[in-house]
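Good morning, everyone, and thank you for making time for this. Please have a look at the sequence and the model on the screen, and then I will walk you through a few parts of it.

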Amino acid sequence: MDKKAKKKVLQMIPYGAYVVGTKTPEGGDHLMFGTWLMQTSFKPVLVAFALSEDSRTLVHVRDSKQFAVSFLTDGMNGVAESIVDGSFAKVKTEHTPSGLPLVAGAAGWLECHVIELSEKGDHRIALAELVDVGVGSGKLMPLEALKWHYGG
Ligand SMILES: Cc1cc2nc3c(=O)[nH]c(=O)nc-3n(C[C@H](O)[C@H](O)[C@H](O)COP(=O)(O)O)c2cc1C
């Protein structure tokens, strides 16, 4: 396989800028920047998020079987950078009614209950049922607006 072509084509897949919110085993809030999200079923509504095998987020998801996804809006570049840097204190948060952490002012959010974790590859696919949703204002920021790539 042509490695350059593989990277170029895989990086053509469009992604959004999301923040995965989880609870630590101690009950604290945790945020992770991520982008590999898709809907996989209408009835029931299922979504899949690919979580790095090295991430603390995956540890939390294995433990709690739940996560929230905040949809960052255009202009939330600073929020994305703070989360990638681990500067969570700079990020204003709120919570879903059940207590999962969200980014305040997001375009929308999902709350998901995990029904299956695939154990293949270096990211584990958390297949999850949508259990709650909220809509804010603005549009989802596409990953390309940050000039970042994840894929290849
Ligand atoms: C542009 C970009 C996209 C990313 N997308 C994902 C993703 O979809 N899934 C994932 O597990 N990690 C993704 N990451 C990597 C995580 O943000 C990173 O591994 C993080 O340190 C894991 O955080 P945690 O250990 O606190 O959970 C992405 C990083 C960047 C910069």
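Before I point to any strands, let me say that two strands count as paired if DSSP finds at least two bridges between them. Please also keep in mind that what you see is a predicted model.

With that in hand, we can begin with strand E5, residues 66-71, which pairs with strand E8, residues 108-117, in the antiparallel sense over six bridges. Within this pairing, Phe-67 has Cys-112 in E8 as its bridge partner.

On we go to strand E9, residues 123-135, which runs antiparallel to E8 and is joined to it by nine bridges, with Glu-116 standing opposite Leu-127 in E9. E8 and E9 form a hairpin with five residues between them, and in the turn Gly-121 has a positive phi of about 80°.

Now, which residues have the most contacts inside the largest nonpolar core? That core has 32 residues, and the ones with the most contacts inside it are Val-19, Phe-67, Val-69 and Leu-72. Its largest share, four residues, comes from E5. In soluble globular proteins, nonpolar side chains tend to be buried together. If we leave aside neighbours within four places in sequence, Val-19 is in contact with several residues, among them Leu-31, Phe-33 and Val-103.

Finally, let us turn to the ligand, where, of the 15 residues around it, Gly-34, Trp-36, Ser-52, Thr-57 and Tyr-150 come nearest. Strand E2, strand E4 and helix H2 each supply at least two residues of this shell, which divides into eight nonpolar, six polar and one charged.

Definitions and conventions: Residues are numbered from 1 along each chain as its sequence is written. This is a predicted model: local features need pLDDT of at least 70, side-chain atom pairs count only at pLDDT 80 or more; totals for chains, interfaces and linings use all residues. A residue is near a molecule or strand if its C-beta atom, placed from the backbone, lies within 6 Å of it. Ala, Val, Leu, Ile, Met, Phe, Trp, Tyr, Cys and Pro count as nonpolar, Asp, Glu, Lys and Arg as charged, and the others, Gly among them, as polar. A nonpolar core is a set of buried Ala, Val, Leu, Ile, Met, Phe, Trp, Tyr and Cys residues joined through C-beta atoms within 7 Å. A residue is buried if 20 or more other C-beta atoms lie within 10 Å of its own, exposed if 12 or fewer, and partly exposed in between; C-beta atoms are placed from the backbone. Two residues are in contact if their C-beta atoms, placed from the backbone, lie within 7 Å.
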